[in-house]
Amino acid sequence: MNARGQDSRGFVITLDAIAALSLLLISLYFIQSATFTPTTLQGTALKQMSLDTMTVLQKSGRLENVFAVNGTSVEEVLLASPPEVCMELSVVAMNGSVAALVEKPGCGEPVSESQVLYGTFSSGGALYGTALQSWYNQEVSG
Amino acid sequence: MTTGRYWLTSDGTRKGQIWSIDMLSGITLMTVLILLFAFEWNTLALRWNESSTYDELLGKALLASDALFTTPGDPPGWEHPGMNLSAAYAIGLADTRDSLDNEKLERLMDMNSSQNYSLVLSKIGLAGCQVYLTISDLYGDPPYYVYGQPSGLNNSAVVERFVLLNGTTVAKATLEVWQ
């Protein structure tokens with residue numbers, strides 16, 4: 001009972017219901033705002049793209065030219081990948097030093113959920129290791 | 001001690017009093033909230049359904065692109081002129097992974113007619129779907145090869161792959177799938 005002698009229990013119950021439903025609505029709003037991404041399929045697509053990239057780089061001979069022309073022919077392929085895909089190719093000599101590094105411009109640092117495809121190739125009588133790291137550009141894929 | 005407002009009736013029982021303005025405003029507020037809830041729920045249900053349909057299409061597109069660009073088909077000589085396409089189990093365009101065969105590509109382009117369209121789709125696991133396939137240089141145009149017509153939709157599944165033409169030329173293959 002309040003100071004005027006009126007019973008306000010009914011109002012309290014109504015406020016409870018409104019508060020509960022409002023909370024539910026706010027939760028729904030945030031769920032709706034979230035981006036739905038089919039993670040498994042996107043991962044598969046990224047894996048396919050990485051395998052394709054390494055395959056065409058090796059078979060076309062562009063990988064061997066990564067030292068000769070500052071990796072521009074490799075960068076040309078990386079640039080042609082879909083805008084939402086980021087790639088970075090590292091070429092490592094057998095002594096562990098980085099012999100070449102080609103990045104797709106405008107991607108920034110790799111995010112935590114990235115894939116790495118390892119391989120080897122020979123050039124000029126020396127064996128090199130490759131690591132193609134790929135990830136989705138969060139700014140483009142939303 | 002009694003609380004609240006009530007009338008005493010002739011038989012001594014109490015009858016509660018309804019505050020019409022309070023009740024009306026409460027019902028209005030509750031109705032608005034329930035309508036908002038229903039709208040939000042419906043929007044979410046639509047989005048989940050769209051997402052599920054897109055996933056299904058993307059899965060089909062990924063599988064079809066793998067069949068086309070990484071396998072020679074079954075039998076591998078399906079493109080030979082004497083071969084009846086109906087007898088082939090699957091169509092593939094590659095000699096080896098990502099390296100496309102010109103003869104297979106030419107044969108596919110020959111089957112661009114509406115009569116063969118459904119048959120081709122059934123051989124790449126896309127029966128009941130529509131496709132638009134282009135193979136172009138790394139910059140997108142002009143396409144070297146085109147199969148089908150573009151959808152013009154914004155919810156179709158699109159898969160882009162790197163392939164090799166003539167064994168050395170790096171090209172971009174784009175497969176669009178929709179229903």
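Q: What share of the 142 residues in chain A is buried?
A: In this predicted model, buried residues make up 21% of the 142 in chain A, where buried takes 20 or more other C-beta atoms within 10 Å of a residue's own, exposed takes 12 or fewer, partly exposed lies in between, and C-beta atoms are placed from the backbone. Local features need pLDDT of at least 70 and side-chain atom pairs count only at pLDDT 80 or more, while totals for chains, interfaces and linings use all residues. Residues are numbered from 1 along each chain as its sequence is written, with chains lettered from A and ligands numbered from 1 in the order in which they are written.

Q: And how many helices and strands are there in chain A?
A: Chain A has four helices and four strands, taken as DSSP runs (H or I, at least four residues, for helices; E, at least two, for strands) and numbered from the N terminus.

Q: Which residues are buried in helix α3?
A: In α3 of chain A, residues 72–79, these are V74(A), V77(A) and L78(A); they fall within an arc of 100° seen down the axis, so they line one face of the helix, the arc being that of the directions from the helix axis to the C-beta atoms.

Q: Switching to the sheet, in what order do the strands run?
A: The open sheet of chain A has the order β2-β1-β4-β3 with antiparallel pairing, where two strands pair if DSSP finds at least two bridges between them.

Q: How many bridges link β1 and β4?
A: β1(A) and β4(A), the latter spanning residues 126–136, pair over nine bridges, and C86(A) has W135(A) as its bridge partner in β4(A).
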